[in-house]
Amino acid sequence: MLSTVSHGQDDGSDDTTSHKVSGPIRPATAATTVAVAPGYFLLPIMPGQQNFLAASMGELRPNHFHGGLDIKTASVINKPVYAAADGYISRLKQSSFGYGNVLYITHPNGLTTVYGHLNEFLDPVLTELRRQQYEKQTYELELFFKPGQFPVKRGDIVAKSGNTGGSAGPHVHWEVRDGQDRQLNPLQWGGFPEIQDHLGPILQALAVEPLAITARVRGQFERAVLVPKAQPLPGANTVFPDTVACVGQVGLLLQGFDRFDQAWNKNGIQRVTVRVNGQPHYQHVIDAVPFPNGSRQVNNFVDYAYHMQAGRMLQKLWVDEGNDLPFYTPPGLGQGKLTVEPGKVYTIEYELADSYNNKATARLVLRGEPTEDYAALTPAPAPTPTAKPLLRYDITRNLLRAVVTNAPLDTADVPANLILRRSGRELALRPSYRKGRETTYLYDLRAGLPDSLVLGEVSKRFDRQVMIPAGQETSYTTPHLNLVFGPQTLFSPLYLSTAYRPATAAAPETWVVGSALTPLYLPLRVTLKTTTPPADRERTAVYSVTAKGGRAYVGGKWDESGQQVSFNTKVFGQYRLYTDTKAPEARLLGKPGGQLLFRVGDDLSGLASYRLFVGGRFRLLRYEHKNSTLFTVANDPNAPALHGAAELRLTDQAGNERVIPLAL
């Protein structure tokens, strides 16, 4: 559900290594503090000069926490990039995606600094990179180096800044990592004089959400979102004048952002502290994010479903099920949940702070209200004999919430019971509350899944087929698909829906797996069973399909029968099979600066490999996916001159190859 808008400039996807994680998600454990002396690290861009950040540590991004600092480079590329401390170059990668061209320097204290979206590496490491690229005939390459092979001193120029990979504008993505590959906040050791910040965070909204079937907020099983009439100034104290009536176990949520001096970027909030009636209740500090998998827990750190539906990203101020992030003081599952008792008043004080300890505060009062089995929140509406009941439902955690519009009322103005049917048996579900013409019924699905929901002549099929537990490997099979959930695929138990639609004249076979409102943590293994084996299995693959018909290559591996194809995915969605028989295309745009520049494209599966040969000799090409261009680079001592007969060889992910002859 997290379709968040990226406030920084990189997509955070570092695919340099694969990490294997097994076992269920454990309760959160406290983060250990890494001691670094103030001034140990040099700011790697424009040290000693005023500079600005495009993004800070821990910002909430699509499917990840932002893992470091995005340092601006005055909107240009090829700024000198300086080693932040003594050490050695331990690793580098050239890629068209993710961090793009990225360099790693390991330091004597065991920490490693990461420099991403670079335009160029420098000698002597560049010579070794080029040697291996020509030996392996590929641009996309990752190398690891031994201690002492490429030593550097603090302040050495090690690269030039760029805009490569997933970057949306020139900058350097800079991280500090520890020996466990946790991404650490570089500002936690006193900040940098080049980056000035005297502004406190800005509060956008608070929210209160019921967490149990008996909990209510303003009489309903609904989230109450509180938005200031005017956005507070940085560092302001915001007091919400209205008392929020609630009862039972509730969760608090918050939305806000931070800014640095003389910059308009919306950055993340480092620390949030909550006190209830003056006593410590909750705190998180985003100074260390486990990488790479822990970063994806951003989808559980926020209210993912609400963000997908309403566009507002609310941070949960409690440790939810499946959350093992090391942010919390004290650690522990459930930390931060609040039980509101009838007749009691709870003064909630929020403190928001950035890495420079600039603060903003807010105050909210909750009042415990009496509990009722059934509540009419508004007077009974005038009867409308012709209005037919309308039924809808959703699922929150383990709870089914059914809402009936125009439910018939008895002589005491109480709505009729909702009938849950399962295997010929019926359960009468009494209404929980009514507001206007809408009546809400609540049911704990752990008591069993219904087949359908019925009220009078209105009936609705219940589309969830099974409950998938979290924390263990579980398989689910239908005649049309098979799903394997690993111990860490789910954050919490899942009420799964799947669907299959046979091929029609308008669309091929379609498989629907799960709901887009539910995030996955680690991958789900999916096997699709087709009724019509493809004629060209090698070029037929799985594609995810959007509601508007957009297609994205997923891939998949076919079994020997050609009737089943399997793939891993980290998102629920809709899938189809397509056969790609058309090879990629390219057009020579020109020879700027004496170098070749091509526009490339593929109509379905996407470009997989590209190689240029001049006079039969390999010539290195760079690929920029953001504008679909391939180009040669100057000052390449290994490259043959761009004269005479040449050919460009392109292959897509379906294996289609095109060879384009050139006369240079």
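For the residue classes used below, Ala, Val, Leu, Ile, Met, Phe, Trp, Tyr, Cys and Pro count as nonpolar, Asp, Glu, Lys and Arg as charged, and the others, Gly among them, as polar.

View 1. A pocket here is an open set of points on a 1 Å grid over the protein atoms alone, with protein on both sides within 12 Å along at least five of seven lines, and lining residues have an atom within 4 Å of a point. The points are joined across faces, edges and corners, and a volume is the space filled by probe spheres set on them. Of the 47 lining residues, Asp303, Ala305, Ile395, Thr396 and Arg397 come closest to the pocket's centre. Elements that give two or more residues to this lining include helix 2 (298-301), helix 3 (304-310), strand 27 (390-396) and strand 28 (399-405). Helices (H or I, at least four residues) and strands (E, at least two) are DSSP runs, numbered from the N terminus. Sorted by class, the pocket lining holds 22 nonpolar, ten polar and 15 charged residues.

**View 2. The one cavity.** There's one cavity of 30 Å³ or more in the structure, and the largest cavity holds about 40 Å³ of space. A cavity is a set of grid points where a 1.4 Å probe fits but cannot get out. Among the residues lining the largest cavity are Ser56, Leu187, Asp197, Asp258 and Tyr356.

**View 3. Strand 25 and its partners.** Strand 25 (residues 359-368) runs parallel to strand 17 (residues 237-239), joined by three bridges, with Asn237 opposite Thr361. Two strands count as paired if DSSP finds at least two bridges between them. Strand 18 (residues 244-257) is also parallel to strand 25, again through three bridges, and there Cys246 sits opposite Gly368. Strand 24 (residues 345-353) goes antiparallel to strand 25 over nine bridges, and Tyr346 has Leu366 as its bridge partner. Strands 24 and 25 make a hairpin with five residues between them, and Asn357 in the turn has a positive phi of about 65°.

View 4. Strand 28 pairs with strand 32 (residues 438-444) in the antiparallel sense over seven bridges, and Val403 stands opposite Thr440.

View 5. Strands 47 and 48 (residues 597-601) share five antiparallel bridges, with Arg587 partnered by Arg599.

**View 6. Confidence and the start of the chain.** Mean pLDDT for the protein chain is 92, and 95% of its residues reach 70 or more; pLDDT is the predictor's confidence in each residue, from 0 to 100. Over residues 1-22 pLDDT stays under 50, and the model has 82 contacts beyond four places in sequence for that stretch. Contact means heavy atoms within 4.5 Å.

Residues are numbered from 1 along each chain as its sequence is written, and side-chain values use heavy atoms, leaving out hydrogens and water. As this is a predicted model, local features need pLDDT of at least 70 and side-chain atom pairs count only at pLDDT 80 or more, while totals for chains, interfaces and linings use all residues.
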